[in-house]
Amino acid sequence: MSKKKKLTLLLIAVLVVAVTGFTFAAQYATADHTKKVSLNTLGISLVQTADKSLTKAKNEDSTPSDHAKVSYNNVIPGKTINEKLAVKTDADSQPAYIRVTATRYWVDKEGKKVEKTDGEEGYLNPEAIEISTENHDNWKIFLDKDDPEVVYFYYLLPVNPGSETTNLMDSFKVNEKYADNDYADMSTRIDFFAEGVQQSAGKDAILASWGTNVTLDDSGKIIDIQEQ
């Protein structure tokens, strides 16, 4: 079973102690964000910072809580978009280990996901959407072995209440080698999904919740990750 399928099953697992949702979309031009959705007492939320240099035509349509839409003009393949994303815990939460799953894919002019698979006519490579993380000391990143759309980000340090991780995404771009007619007028989308496991539950809970074996040092830092 792929990690993507396992992630769906984890939603009903007892040891999944926090789930948050965040959506990020961009069309060489547009981004659509769900900024914060906290679903239980761990109080984990994803914090997004837009690229202000590209918001000459910024259009926000949001409620006071969790949804914002930002539009960008004149962004081309190869152009770095400095969207930043981190994870924050509420002051009354519990210390937690954090994993974020990013799913990259293409959307057509009608707003529908391009479902073609590799080898089919009309296939659009999700790996053309490149996420950049500057701080690799704190984040360990894995590509899903079975699904090129999916990238996993593990934060190596337990996150204390009222604290924020370093950025798991500092920027993204569409690789310039994909600037051809097949990709013209298409949109990119990156969906982010964050989970937390209480630090006190330890590595056994991480294995039960995420299907991942970790090794912890005496301070509680994750020093090795073995995905199943």
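Which residues point one way from S6, which point the other way, and are they buried or exposed? Keep in mind that this is a predicted model. On one side of S6 are Ala96, Ile98, Val100, Ala102, Arg104 and Trp106. Tyr97, Arg99, Thr101, Thr103, Tyr105 and Val107 point the other way, and all of these residues are buried. In a regular strand, side chains alternate between the two faces of the sheet.

Now the neighbours. S6 runs antiparallel to S11, and twelve bridges join them.

Next, the packing. The largest nonpolar core has 29 residues, and those touching the most other members are Leu46, Val87, Ile98, Val100, Trp106, Leu168 and Phe192. Strands S3, S5, S6, S9, S10 and S11 each supply at least two residues of this core. S6 gives the largest share, five residues.

Take Leu168 as an example. Leaving out residues up to four places away in sequence, Leu168 touches Leu46, Leu85, Val87, Val100, Ile131, Ser132, Thr133, Trp139, Phe153 and Phe192. Apart from this core lies another, of 13 residues, including Tyr97, Val150, Leu156 and Val214.

Methods
Residues are numbered from 1 along each chain as its sequence is written. This is a predicted model: local features need pLDDT of at least 70, side-chain atom pairs count only at pLDDT 80 or more; totals for chains, interfaces and linings use all residues. Side-chain values use heavy atoms; hydrogens and water are left out. A nonpolar core is a set of buried Ala, Val, Leu, Ile, Met, Phe, Trp, Tyr and Cys residues joined through side-chain atoms within 4.5 Å. Buried means under 20% relative accessible area, exposed over 50%, partly exposed in between (1.4 Å probe, protein chains only). Helices (H or I, at least four residues) and strands (E, at least two) are DSSP runs, numbered from the N terminus. Contact means heavy atoms within 4.5 Å. Two strands pair if DSSP finds at least two bridges between them.
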